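This report describes a predicted model. The account begins with contacts between chains and then turns to individual chains and elements.

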Amino acid sequence: MSAEALGPKEVLKTIDYKPVKRSWLELTVEFRKGTYLYTPPRKLLDYLGLPNPRKWLPSEKDWQLPENWRQIILEGMKDRLSKYRSFQLFLDICVRCGACADKCPFFIGSGDPKNMPVLRTELLRSVYRKYFTTSGKLFGKLAGARELTEDVVKEWFYYFYQCTECRRCSVFCVYGIDTCEITMMARELLNSLGCGVNWIVDPAAKCYRLGNHLGLPPHGFKGVIDTAIEDIREITGIKVEVSLNRKGAEVLFVVPSADYFASPHWFTFLGYLMLFHEIGLDYTFSTYASEGGNFGFFHSAELAKRLNAKMYAEAKRLKVKWILGGECGHMWRVLHQYMDTYNGPADFLEEPVSPITGTKFENAKSTKMVHICEFTADLIYHNKLKLEPSRNDRWKVTFHDSCNMTRAVGLFEEPRYIIKNVCNYFYEMPENTIKERTFCCGSGSGIGADEHLEVRLRGGFPRANAVKYVRERYGVNLLACICAIDKATLPPLLQYWVPGVEVAGVHELVGNALVMKGEKPRVTDLRFQPLKGEEGEGDV
Amino acid sequence: MYDADKIITGLIIFLCLITFPIYYNIATGKAAYRPEPKIVTEEKQCVESKGYMRAKHMDLLEEWRESVVREGKRVYVASDGKQYTMSLVDTCMRCHWNKAEFCDLCHNYVGIRLNCWSCHTLPKRD
Amino acid sequence: MKVLYSLLAVIVLVLVAYVGVGLLGLHSLFGVMIPYAAGAVFIVGLVYRVLKWAKAPVPFHIPTVCGQQKSLPWIKANNIESPHNTWGVIARLALEVLLFRSLFRNERVELRRSEKLIFGGNKYLWLGGLAFHWCLFIILFRHLIYFMEPVPSVVLFVQDMDGIFEFAVPTLFLTDLVILIALTYLFLRRVIYSQIRYISLSSDYFAVLLILGVVISGVLIRLFYKVDIAAVKELAMGVISFRPTVPEGISLLFYIKLFLVSTLVAYFPFSKLVHGAGILLSPTRNLKNNSRMRRHINPWDYPVKVHTYEKYEEEFREAMKEAGLPLEKEN
């Protein structure tokens, strides 16, 4: 039954939105291949100093929970109830109106009723009722309360790693109940039992030690930059300058590490470097803070804060004036909504001002951190860039809003403005599936591992379905986005559901369209593919 | 307590709003007021019992109206067998002619407007 | 099953009042003491609940942003869906509380022929919910007639407007009719739609049935089993001026309704019904989207273990040196 083995049509046939007969209070989870994540090895938990490391797998019967596991969870809940108003409030005020039910991409793609946000939360709320409310203590099951058993913990593990913290449900909830908050609490509780996920803990441990999720050491980073410089030289004939760990630069530039490691992120990375060269930006990368993303955020607030600390620390050490951030979704959730709280105040930095246009980024005057799309949109608006959009003519582009860029930051128009200036063919997906109502890629929040493919394909189905719509209607063949997880996980997703649509970062398109001073006539785009009109000619 | 200023203010406003009638009645001094309609009549007994009349006189009047206007029947046989002419002005108002001290007292008290007098004219009594 | 339990619970409540008042004649218990107790439980319970929420801080700045942020001056910011100042927050909350803004977005997703997702508008829940809550508010407001003397003209005006269509004598109020329809819809959708039935708990049915019980008994009293409402007001005025009396001539049905209301009021703070108070405290709705402009403080913030640059350089110094990267310490 795994999605990998089945074709898209067969998978869709398994989706039935009619819930099963048995009450949700009773079901137990079956850990089938493709629907659960692997667990982290002991040494990583030890390295990060995280609790209860051991060797175990979700598919095994005995999870070897610590002896006092129930006490750990209940005390953990009590502690978090007193620390997070959101947690307590959201457990108290849900009226189960059901408006959120068919808003979750995982419910839409699986039909599993426990993927309705309301029931995902009830998995935890039922335990809250049993141990923290009078009615639950008195009436038990009748009041929707249930005992905390090992099966409940297993169910939590299963379903709270089928939530990408995308927050789409909270847009539709009339009280703003945000399942993400519940998922975060549940994952913290699970992690306090040592029930973590390797795909989260491993990058977090690498980021802690080496500065980035992918585990690139400083000299490796240098090598990568050299390759990028070489690629750009080959395409444009221009040798760009890039500095690392340079003190006194005006701007520290931080990107998600996938940008300089993976494809198609790489082309976006080239786009950044070309843009900065062209405008003469005085910037530097840091090898120590060489990661914008934050997988600690998918583990616990504490680990998120530990990883995030590097950015300000490095900005301070390098004595830059402000920080510029690349294209990444959850990275910006943390930067926009958490960083200043975690590790601020950044009083050693200056309020960001674009050295090219003089624009003051007042919206970032406290964190001192500007989004690359804000920065570039401002450049274009002030006519600081010479652009040749026809170089992107082989693409019919649609734009995928990343969950965190919209529902956390509100960055709706900046990337669209850029795309419209660097591409001639741009088509929006249906309005129910973009902007604040955008659908998740299905792999965010640290659940994008290969062993989890079925869950990812199902969770990403609503997004892919909307892409299919513009593909069939307008012949769209490129999905632009500003998120590293998107760029990593949408290609296989689209390959499965809508073959023929590729994925690119917005700054790849910028890099293509950017006319640089002294560049040689371009015959290929940043992917070394011939430009439209250049096919068959020249010596590509 | 966090955001205490806003939350406490909100709570106080809410509590003030829901208890507003209490202060209002203290201010108007009418908390203990109860209407005591004056019955200025020699008759000892209304057409029906006092309890019935207090709760359901509007049903009786409506019945009378239907009977007179639609069916032309003007005789009402009360539950004790006595017969009355169905007439607001000639029967009811004969005893309860003091609208202001009878009808209006309770009707104002419970906020119910009368539409009797959009058709009927109030009989003049000195 | 859950529906049955809840229905049974409401019937038991009716029977309790029936036995208490109808058979045992405990008028002052059901007319005065229980309402006092319910009122006290409501106020104390609600204050307790809200203060309990207030005791927990909002450590992080987590508004759910539903519109364009305020960034560059030439991009039109959406101050309601992504509020950047207090007015925006007030407008957002007002729209949410008064018009159920978020529910208005509701849509239904269908998987057609196991192939295509179809997004259909689905405003019934919004309409039903809004109709119910507004009617409830107007009905409560109309009931001020029984609690204020002299009756303020604004209350009379609302009553007049509510009864503008003269269906019967006395007029059937529009709100009574609409609230009955709305509540019936809200109840039936929990029974009929399999998804909603699946997520519903007994308490969900209980709340809607209890309110339905109150409304039905109220309509019955008004239209069919009339009571001496002057006496009812006397009772109400006596209770709220703390000089309770139990006047004659109030029917059993009224006491049944009063007992249902008392139960509802006392139940309110301990159930999902407190959502009314909760929405204003919801951090995804009442915070501005200004977290890069102003620092949000976490009151329980604590220092964490970090991997410092010094330790990092320590580990990689040789390699960094070889790669020509600048160093803090040369060896």
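## Contacts between chains

In this predicted model, 98 residues of chain A are in contact with 81 residues of chain C. On the side of chain A that touches chain C, helix 14 of chain A gives the most, with seven residues. Sorted by class, that side of chain A has 45 nonpolar, 25 polar and 28 charged residues.

Two pairs of chains are in contact, and of these chains A and C share the most contacts. Chain A and chain B, by contrast, do not touch; the nearest C-alpha atoms of chain A and chain B are 10 Å apart.

## Overall form of chain A

Chain A has a secondary structure of 23 helices and seven strands. Along the principal axes, the C-alpha atoms of chain A fill a box of roughly 75 × 50 × 40 Å. A compact globule of 540 residues would have a radius of gyration near 24 Å, and chain A agrees with this, because its own value is 24 Å.

Of the 540 residues in chain A, 63% are buried. Contacts in chain A between residues at least 6 apart in sequence join residues at least 24 apart in 76% of cases.

## Helix 11 of chain A

Helix 11 of chain A comprises residues 198–210.

Is helix 11 of chain A mostly covered or mostly uncovered? Helix 11 of chain A is mostly covered, with 11 of its 13 residues buried. The buried residues are A:W199, A:I200, A:V201, A:D202, A:P203, A:A204, A:A205, A:K206, A:C207, A:Y208 and A:L210. The packing partners of the buried residues of helix 11 are helix 2 (42–48) and helix 14 (301–317) of chain A. Helix 14 of chain A is also the element that gives the most to the side of chain A that touches chain C. Just after helix 11 of chain A, A:G211 takes a positive phi of about 100°.

## Domains of chain C

For chain C, the domain assignment gives domain 1 (2–300) and domain 2 (303–331). The C-alpha centres of domain 1 and domain 2 of chain C lie 61 Å apart.

Methods:
Residues are numbered from 1 along each chain as its sequence is written. Chains are lettered from A and ligands numbered from 1 in the order in which they are written. This is a predicted model: local features need pLDDT of at least 70, side-chain atom pairs count only at pLDDT 80 or more; totals for chains, interfaces and linings use all residues. Helices (H or I, at least four residues) and strands (E, at least two) are DSSP runs, numbered from the N terminus. The expected span of a helix is 1.5 Å times one less than its number of residues. A residue is buried if 20 or more other C-beta atoms lie within 10 Å of its own, exposed if 12 or fewer, and partly exposed in between; C-beta atoms are placed from the backbone. Two residues are in contact if their C-beta atoms, placed from the backbone, lie within 7 Å. Domain bounds come from an automatic or database domain assignment. Ala, Val, Leu, Ile, Met, Phe, Trp, Tyr, Cys and Pro count as nonpolar, Asp, Glu, Lys and Arg as charged, and the others, Gly among them, as polar. The radius of gyration is taken over C-alpha atoms; the globule rule is 2.2 Å times the number of residues to the power 0.38.
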